[in-house]
Amino acid sequence: LELGPGNSYFNAYNLLMNGAKKVILVDKFPRYIKTSKQEEFFNNELDYIKQKYAKKDLFFIKNGKINKEYIKFIEGDFAKINFKEKIDLVLTISVFEHIKNIEEVISKLSKVMKKGGLMYHSIDLRDHYNFNKPFLFYKYSKNIWEKYLTKEGVSYTNRIRYNEFINLFKKYRFKVINQEIKRFPIKSKKINKQFQNQDNLDIGVLRVLVRR
């Protein structure tokens, strides 16, 4: 399962080429648009996979289109959809920081995953408006941030911090197996009281592997 693939099937292709039987893609705000530019992007991804694995034909492509027996795309909020499959691997790349109902999503993941299943998340905890000032958004109150400075489906960033993510994983019975963190200097002197008593505020990137 990949959450938030946007307009790319690249990770799904790689998973299938490395032994996955089926990949399910879920995106609340899919950006797959039927244009000539998107078609070119689609074909470029396929060409790259063919070259990478030295294959002329791909078993998950049928008559130039994706075979839905291998790749299933679902549009919607993962926490709200009726999801019946049992999953053994979950992948997200720069997605968790954009999910508004993140606890609901992690709770749902704990229910649909097989025991012993793995999740890998690459989470960018920085202020996406200016990566040269990665923690500028610490100065805004929750009300100002949510009401005026971020919008779901366009530029939404939840500002959930490193400690909060780790605690959510533990709360829903995920064990942290491995993690990589990247720290950045906090240049802004203004920090809203919402964040002042939190630790590890200088962590800007989290890559974490957890087991159910």
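**Entry 1**

I began with Asp 202, which is partly exposed, with a relative accessible area of 24%. For my burial calls, buried means under 20% relative accessible area, exposed over 50% and partly exposed in between, with a 1.4 Å probe and protein chains only. The model is predicted, so local features need pLDDT of at least 70 and side-chain atom pairs count only at pLDDT 80 or more, while totals for chains, interfaces and linings use all residues. Residues are numbered from 1 along each chain as its sequence is written, and side-chain values use heavy atoms, with hydrogens and water left out.

What does the side chain of Asp 202 meet in a salt bridge? I found Arg 183, at 2.6 Å from N to O. I count a salt bridge when a side-chain nitrogen of Lys or Arg is within 4 Å of a carboxyl oxygen of Asp or Glu. Asp 202 lies in the loop between α6 (193-196) and β9 (203-211) and Arg 183 in strand β8 (residues 175-183), so the pair ties together parts that are 19 residues apart in sequence. Helices (H or I, at least four residues) and strands (E, at least two) are DSSP runs, numbered from the N terminus. Arg 183 is partly exposed too, at 43% relative accessibility.

**Entry 2: the other salt bridges**

I then asked how many salt bridges the structure holds, and the count is eight. One of them joins Lys 171 and Glu 103, at 2.6 Å from N to O. Lys 171 sits in helix α5 (residues 162-171) and Glu 103 in helix α3, so this pair connects parts that are 68 residues apart in sequence. Lys 171 is exposed at 54% relative accessibility, whereas Glu 103 is partly exposed at 30%.

Next I looked at Arg 126 and Asp 124, whose side chains meet at 2.8 Å, N to O. Are these two buried or exposed? Both are buried.

**Entry 3: aromatic pairs**

I searched the whole structure for aromatic pairs and found 15. Rings of Phe, Tyr and Trp (its six-membered ring) pair if their centres lie within 6.5 Å; planes under 30 degrees apart count as stacked, over 60 as edge-to-face and the rest as tilted. Phe 59 and Phe 60 make an edge-to-face pair, 5.1 Å centre to centre with 80 degrees between the planes. Phe 59 is partly exposed at 40%, but Phe 60 is buried at 0%.

Tyr 129 and Trp 145 are also edge-to-face, at 6.2 Å centre to centre and 80 degrees between the planes. Tyr 129 is in the loop between β7 (113-124) and α4 (142-149) and Trp 145 is in helix α4, so the pair ties together parts 16 residues apart in sequence. I noted Tyr 129 as exposed at 52% and Trp 145 as buried at 2%. Ring pairs link both into a cluster whose members include Phe 135, Tyr 140 and Phe 195.

**Entry 4: strands and a helix**

Last, I checked strand β6 (residues 87-93), which pairs with β7 in the parallel sense over six bridges. Two strands pair if DSSP finds at least two bridges between them. Ile 87 has Met 113 in β7 as its bridge partner.

I also looked at helix α1 (residues 10-17), where the buried residues include Ala 12, Tyr 13 and Leu 16. Gly 19 follows α1, and its phi is positive, near 110 degrees.
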